[in-house]
Amino acid sequence: MAKVLEINGPLVRLELPGAVLGEQVSVGALGLVGEVIGRDGDTALAQLYEDSAGLAPGEAAAGLGHPLSVELGPGLLGGIFDGIQRPLEAVRQVSGDRISRGIRVPSLARGRRWAFAPAPDRSAEMVINAGDILGSVQETASIAHRILVPPDVSGELLELAPAGDYEVDATIARVRSHDGSIRKLTLCQRWPVRIPRPFRRRDHAVQPLVTGQRILDTFYPLLKGGKAAIPGPFGAGKTMLQHQIARWCNAEIVIYVGCGERGNELTDILESLPKLTDPHSGRPLMERTLLIANTSNMPVVAREASVYVGITIAEYFRDQGYDVVMVADSTSRWAEALREVAGRLGQMPVEEGYPAYLGSRLAAFYERAGRVETLAGGSGSVTLIGAVSPPGGDFSEPVTSHTKEIIQTFWALSKELADARHYPAIDWLESFSGYIGQAARWWADNVDPGWAPARARALAMLSESEELRRIVNLVGVDALSSEQRWSLEAAELIKEALLQQSATDEVDSYASPAKQYLLLAGLLDIYDRGMRLVGQGVPARRLLELPVLGEARRWKTRYGDADIAGLRERVARLVEDFMPLEAEYFPAGPGEG
Amino acid sequence: MKNLEFRTAASARGGLVVMAKVPGVAAGTRVSLRDHAGRGRNGLVIRTSDDAVLVEVFEGTDDLDLERTWVRFLDEPYSLPVSRDILGRVFNGVGQPRDGRPPIVSGQRRDINGAPLNPAARAYPREFIQTGLSAVDGMNSLTRGQKLPIFSGGGLPHNRVAAQIVRQARLLGAATTEFVVVFAAFGVSSQDARYFQESFEESGALERLVMFLNLADEPVIERLLTPRAAFTAAEYLAYELDYHVLVVMTDMTAYAEALREVAVLRGDVPARKGYPGYLYSDLAEIYERAGRIRDRRGSITLIPVLSMPSDDITHPIPDLTGYITEGQIVLSRELHAQGVYPPVAVLPSLSRLMKDGIGGDFTRPDHPHVASQLFASYARALEVRGLAAIIGAEDLSESDRRYLAFAEAFEHRFVGQGEDEERDVYASLDLAWELLSMLPAGTLTRVSEDELAKYHKPAEAAR
Ligand SMILES: Nc1ncnc2c1ncn2[C@@H]1O[C@H](COP(=O)(O)OP(=O)(O)OP(=O)(O)O)[C@@H](O)[C@H]1O
Ligand SMILES: [Mg+2]
């Protein structure tokens with residue numbers, strides 16, 4: 001008889017002959033759920049996803065015969081699930097405000113019927129393959145949930161249900177496998193979370209993920225199918241940035257994993273997204289969003305699982321041909337959960353208590369991102385964006401430094417900028433993107449060929465201004481030449497009028513690529529015009545008095561995306577702003593040329 | 001089992017006792033020990049199998065005689081009896097009366113560990129709480145249901161600031177009778193405890209106060225239970241009696257040190273500075289009990305106070321706290337030395353829920369912009385001050401000199417105020433505009449042009 005031998009926090013030793021590593025177990029009278037992480041003869045070591053208080057040696061235990069897996073099918077979108085995919089809204093109906101232990105609720109609601117439409121090109125007697133599309137369910141107004149042949153099924157389609165309303169676990173197809181066995185397929189399928197879902201092949205990522213955040217899109221772009229990290233000390237703005245991406249990015253599906261962070265941050269999304277409209281589809285944002293929550297007060301063991309639950313669901317939508325974005329806040333909490341498990345298993349810590357396999361685990365996780373050709377022959381992508389919370393804000397710590405080697409886009413948040421309320425507090429010198437070439441092609445085709453050179457010039461100005469700032473802080477502004485003073489001012493202008501973007505301002509919160517480019521081009525034009533005058537002997541002091549400098553700082557909030565034409569027209573009129581100075585210094589003729 | 005006494009202690013070491021051959025003891029059970037002198041001690045089962053049960057003893061294992069130690073397993077977790085009568089009472093660190101009055105009689109006991117709140121059951125905090133302090137209300141405001149710690153250091157007036165907030169905190173337009181305070185102190189001196197008690201007494205709030213005290217010379221391990229007991233009381237008051245509860249806890253550093261002490265005894269792998277890797281989750285279990293719940297009237301707002309060892313904000317205790325709480329109010333030794341009270345360093349301070357609790361619906365439409373402008377202008381003013389220290393104030397430009405004056409006025413008049421001075425938020429905002437009027441309008445780009453026209457009055461500032 002399987003039973004509990006020893007309890008040590010979330011770790012239990014069980015008498016459980018034949019247990020398999022990774023197998024799910026049910027433990028004790030409450031039926032606490034856990035996972036086998038070690039075996040020694042007839043005893044197994046398991047970690048519980050739930051608090052073990054009250055559990056006593058001698059209580060019963062049982063192996064469930066399968067690894068941690070998720071239920072995939074209609075009903076995922078718009079929902080909030082815990083780290084092992086229990087639907088929290090349904091849990092609340094059963095157990096009230098607090099999550100009681102041992103609670104079992106199916107991940108996808110039963111009893112609800114979905115309108116299934118079989119794919120027109122499928123019919124009985126056809127041969128079907130893993131990943132093929134059998135039909136679809138219009139899950140929300142913007143998302144058709146494609147019903148896929150599970151990756152481990154192929155053979156002859158014996159029967160496909162006609163259009164009609166079905167529950168998620170109703171049989172909609174029968175397939176005779178090559179070995180002659182018959183498989184019934186339903187609207188939902190299960191997949192073990194620690195195994196990547198298969199695809200045909202990897203494709204190159206080519207399209208930027210447009211987030212509407214200027215410093216991201218214009219300076220450090222990410223591609224659909226790319227990997228990015230947002231490291232930063234507490235309060236620097238990681239969560240805000242991820243919320244902004246979840247709100248405004250041009251992906252079709254967004255999976256937000258709150259991993260060891262605050263409950264209120266999830267509540268914020270749950271309360272705000274239904275009221276916001278997707279600028280790309282015009283539908284309420286919640287319809288394309290799904291939340292996974294293992295908040296910091298929920299059991300740590302399920303935290304480790306939560307990111308895998310999230311990425312598996314992301315892959316499932318990718319396999320339907322969608323562009324999916326998964327944001328994980330914060331991967332550090334996940335790594336810490338890993339560290340705790342390692343510690344309990346007595347594994348040798350290498351740096352700051354982390355096990356030696358930290359780097360390879362992180363890499364394997366991020367490897368699940370990418371743009372692929374799906375088994376069905378379509379194209380889908382998973383973009384992965386992980387927040388990193390380095391202790392003390394020190395980027396040399398293990399999780400940040402390993403992550404930095406894995407990802408291509410690095411949005412480094414700085415405490416200094418956050419303290420000065422320069423938001424988003426992304427450090428333009430520390431950050432990088434490995435996708436500039438691909439992004440440049442897209443901007444050239446879709447917005448303006450001037451993007452790449454303009455971006456490069458602005459970055460050069462920003463980095464030069466660091467040097468000038470150092471001089472000013474040492475010897476004062478009088479040590480600068482007029483050119484240098486104007487450069488410094490222009491860099492400030494770029495910081496305030498372009499880089500700074502308020503997430504809380506209705507107009508500023510999202511900027512379309514067209515608006516981003518116009519702002520950038522306009523500011524560079526101001527710089528050039530001023531520089532020309534300075535070159536002709538106009539003192540920088542006079543230029544600094546120009547009203548356009550204050551006004552340009554308000555363009556971002558004055559011209560919304562509905563008023564791009566207004567901004568374009570304003571930028572085209574910049575010549576007038578410099579006329580009074582020209583007239584004063586060069587009354588004889590045009591200073592230009 | 002709770003009536004059986006076992007005398008099978010096999011070993012004792014640094015606060016931990018191993019009991020042999022007591023089958024079937026549940027994890028997390030409360031334990032009661034009796035030593036050879038008949039003295040009672042309290043403990044908790046932290047690891048259990050049929051062969052050996054590991055018990056953590058709060059009062060320590062010093063001079064424990066294994067053969068003459070009797071142990072009972074009480075078959076229940078630590079719990080707190082709750083009823084309306086807890087209001088006005090003073091308890092020790094584990095919830096037993098320490099005010100000489102009889103124990104709480106109640107049929108209701110609550111496990112002090114609570115159970116995690118379902119994130120789907122939370123309601124987002126929104127209402128503005130006025131503390132009467134300009135540096136808080138104007139720039140780092142508190143929201144009902146928020147957790148906002150005070151980061152301080154030895155010798156700084158954090159207790160006075162916390163007490164002033166407790167005395168003055170109010171919701172605009174709500175009755176004060178709905179407000180109650182749960183105060184928990186651990187590892188503080190009896191003098192500090194007395195200061196709080198008297199300060200609350202002064203405001204006549206004693207019957208709306210519950211206190212949990214574990215003083216500096218009292219059992220260290222008991223501290224691990226104190227915040228949990230306090231939150232159990234707070235949850236009862238908020239969610240069953242509909243009160244708005246303000247929980248003040250001091251000093252979280254003493255709590256974290258107690259946790260480290262126990263972790264070392266248990267042999268847990270240390271992460272940073274000897275603190276166990278689970279310090280984050282442990283603190284989160286406590287802090288996350290603050291908040292609001294859908295369809296409930298009450299709320300829990302938390303102000304933990306912690307002293308940063310060596311004033312180091314990257315030390316694990318403030319660092320991990322900052323990663324869990326919704327901002328922080330940082331006190332500055334420099335401002336304190338200049339006689340500024342409350343010495344709030346506004347730049348490293350932050351209230352993350354401010355954006356949701358201010359503005360037209362709650363305070364005034366210009367509030368978010370004014371706050372943002374104050375941050376930007378003060379940050380700029382500090383740069384100028386740094387420059388002035390190098391090249392001398394005489395060589396500054398006219399505009400820079402105004403910034404220098406602004407910094408002074410801002411620190412002494414806006415941040416600084418009296419310990420009994422309660423400024424309402426409108427007074428704070430008006431004061432902010434008065435100070436901003438010292439600066440050229442053209443540099444104030446965070447406020448709207450309409451607001452500038454309405455509030456920016458350079459003439460008055462010059463007076
Ligand atoms: N783009 C932005 N616009 C306006 N305010 C911002 C922006 N980014 C950050 N902030 C401000 O900074 C605060 C902290 O941001 P956030 O909660 O995202 O920090 P964090 O890096 O996630 O911190 P932690 O690691 O503790 O979770 C926000 O509450 C908000 O006040
Ligand atoms: Mg965050």
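Predicted model: local features only at pLDDT ≥ 70, side-chain atom pairs only at ≥ 80, totals over all residues.
A polar side-chain atom of A:Lys238 sits 2.7 Å from an oxygen atom of ligand 1. A:Gln501 uses its backbone instead, with an N or O atom 3.4 Å from a nitrogen atom of ligand 1. The protein covers 93% of the 630 Å² of accessible area that ligand 1 has on its own.

Now step back to the surroundings. Ligand 1 lies between chains A and B. The shell around the ligand holds 19 residues, and A:Gly235, A:Lys238, A:Thr239, A:Met240 and A:Arg262 come nearest. Two helices each supply at least two shell residues: H3 (238-248) of chain A and H7 (316-324) of chain B. H3(A) gives the largest share, 3 residues.

Next, the interior. In soluble globular proteins, nonpolar side chains tend to be buried together. Here the largest nonpolar core has 89 residues, and A:Ile385, A:Trp411, A:Ile526 and A:Trp555 touch the most other members. Helix H13 (residues 513-535) of chain A contributes the most, with 10 residues. Domain 3 (203-434) and domain 4 (451-585) of chain A each provide at least three residues to this core.

Take A:Trp555 as an example. Beyond its neighbours within four places in sequence, its contacts include A:Leu519, A:Gly522, A:Leu523 and A:Ile526. A:Val548, A:Leu567, A:Arg570, A:Val571 and A:Leu574 are also in contact with A:Trp555. A second, separate core has 80 residues, among them A:Val472, B:Leu156, B:Leu331 and B:Leu347.

Terms used
Residues numbered from 1 in each chain as written. Chains lettered and ligands numbered in written order. Heavy atoms only, no water. Core = buried A, V, L, I, M, F, W, Y, C linked by side-chain atoms within 4.5 Å. Buried < 20%, exposed > 50% of the residue type's maximum accessible area, 1.4 Å probe, protein only. Helix = DSSP H or I, 4+ residues; strand = E, 2+ residues; numbered from the N terminus. Domains from an automatic or database assignment. Contact = heavy atoms within 4.5 Å. Near = heavy atom within 4 Å. Polar contact = N/O pair within 3.5 Å; in protein donor to acceptor, adjacent residues only side chain to side chain. Areas by Shrake-Rupley, 256 points an atom, 1.4 Å probe, with all protein chains shown as cover.
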